[in-house]
Amino acid sequence: MLTRPDVAVVGAGPVGLAVAWRCASRGLRVTVHDPAPGTGASHVAAGMLAPVAEAYFGEHQLTGLLTESAARWPGFAAELAEAAGADLGYRTDGTLVVGLTTDDLAEARRLWTYQQGLGLPITPLRPSELRDREPALAPRVRGGAVAPGDHQVDPRRLVAALRTAAEQAGAVWRPGVIGDLSEVDARVTVVAAGCGAAALTGLPVRPVKGQVLRLRAPGRGAPDFRHVVRGYADGESVYLVPRDSGEVVVGATVEERADTEVTAGGVLRLLRAAVDLVPELAEYDLAEASAGLRPGTPDNAPIIGALPGRPGVLAATGHHRHGIVLTPVTADLVTELIVTGEPDPLLAPFTPDRFAGTDAPATTGRDRTHPPSRRRRATDRQRHGA
């Protein structure tokens, strides 16, 4: 007769797998339910660990959680790499935030001035200082800043390593689809199903589409730049994430849509902005174009903690753009809650009950942190008849 598990984790993305690993490592009996591990948002994600560059206006509490989780990443990465015997592609080269035009630089400067006001480590650089760090940047780039503590990891390697570590710690796989939580029998159920959490829990989690490209350097050598480059190019926001394998991840669109089709317009916008900032990318191979669905929430913050009115059910979802960077802290907080029964004070702003008794919409229109670029406005006016 099978022993009833202590913990059932529904969803095998980075967050769900990290929870499973941490719980199993504490001696709990764990099952993981997912028909296709690592094929959701994490398969498309770029893997930026960016508590500074991702610190946006009006998101003070979320910024604090991002900073806390980023501080845990070095230890988390070292422990996971040892447990799984795998390279995670974890890199600490830092991030450059740049503006191509005067208007782009003004937009970038407005945000990093806010970030500096929070005491976050970001330092403005002149154009010559930028190119000293990254000669591959276009001569037209007007200026920028460096965030040395914003790092990166390869999400696909991360998922593979987490699955290995969780299984070695004793977690058991259940590949079936969970259509209702009544199908799960465990002392505690953790819903880490990304966008699927909405149907399972009723929480206001919505899909936010993101299109991403993967380029490959000629000859499959390493790209000629090492920093993550986040920038604005004629009003278009873009990021470039170089990998030692020769891959460069270019992203990402932010669309209030639930499909995963790659569009010609999305590819065009991303490639044009990327080549504007790093011209040599025009000679790279286009290796992959894909789209995924981020699990967004009405306030852009994750939902972590006990589900009101559902004894034994915890949520670990709604991480939107931040699922990779928030993996360590989410796993730690959820595991401690399961083991001790006491929520860490860090959880207070992010618990599911903040939406209880409200009519918080599942969608909030266009993401407020990514305004439409000037290149897109004419198209938007034509589409809407303006």
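Modeller: Contact means heavy atoms within 4.5 Å of each other. This is a predicted model, where local features need pLDDT of at least 70, side-chain atom pairs count only at pLDDT 80 or more, and totals for chains, interfaces and linings use all residues. Residues are numbered from 1 along each chain as its sequence is written, and side-chain values use heavy atoms, with hydrogens and water left out.

Colleague: How many helices and strands are there in the protein chain?

Modeller: Both are DSSP runs, numbered from the N terminus: helices are H or I with at least four residues, strands are E with at least two. The protein chain has ten helices and 16 strands.

Colleague: What radius of gyration does the protein chain have?

Modeller: The radius is taken over C-alpha atoms, and the globule rule is 2.2 Å times the number of residues to the power 0.38. For 386 residues the rule gives 21 Å, and the chain is close to that, so it is as compact as a globular protein of that length. The C-alpha atoms fill a box of roughly 65 × 50 × 40 Å along the principal axes. The radius of gyration itself is 21 Å.

Colleague: What share of the residues in the protein chain is buried?

Modeller: Buried means under 20% relative accessible area, exposed over 50%, and partly exposed in between, with a 1.4 Å probe and protein chains only. Of the 386 residues, the buried share is 55%.

Colleague: What percentage of the contacts with a separation of 6 or more comes from residues 24 or more positions apart?

Modeller: Take the contacts in the protein chain with a separation of 6 or more. Residues 24 or more positions apart account for 78%.

Colleague: How far apart are the mean positions of the positive and negative charges?

Modeller: Lys and Arg count as positive, Asp and Glu as negative; His and the chain ends are not counted. Each charge is placed at NZ of Lys, CZ of Arg, CG of Asp or CD of Glu. There are 41 positive and 44 negative charges, and their mean positions are separated by 4 Å.

Colleague: Is Thr-63 buried or exposed?

Modeller: Thr-63 sits in helix H3, residues 60-84. Beyond residues up to four places away in sequence, it touches Pro-51, Ala-55, Tyr-56, Leu-118 and Leu-120. Its relative accessible area is 5%, so Thr-63 is buried.

Colleague: Which residue's side chain makes a polar contact with the side chain of Gln-152?

Modeller: A polar contact is a pair of N or O atoms within 3.5 Å; within protein, one must be able to donate a hydrogen and the other to accept it, and residues adjacent in sequence count only if both atoms are side-chain atoms. Gln-152 lies in strand E7, residues 151-152, and is buried at 2% relative accessible area. A polar atom of its side chain lies 2.8 Å from the backbone oxygen of Pro-242. At 2.7 Å, the side-chain partner of Gln-152 is Arg-243.

Colleague: How far apart in space are Arg-140 and Thr-101, C-alpha to C-alpha?

Modeller: Arg-140 is in the loop between helix H5 (127-133) and strand E6 (143-147). Its contacts beyond four places in sequence are Leu-100, Thr-101 and Asp-276. Arg-140 and Thr-101 are 39 residues apart in sequence, yet their C-alpha distance is 7.4 Å.

Colleague: What is omega for the peptide bond that joins Gly-251 and Ala-252?

Modeller: Most peptide bonds are trans. The bond between Gly-251 and Ala-252 is cis. Ala-252 lies in the loop between strand E13 (247-251) and helix H8 (264-277). Omega is about -15°.

Colleague: What phi does Asp-234 have?

Modeller: Most residues other than glycine have a negative phi. Asp-234 is in the loop between strand E11 (228-233) and strand E12 (236-242). Asp-234 is partly exposed at 26% relative accessibility. Its phi is positive, about 55°.
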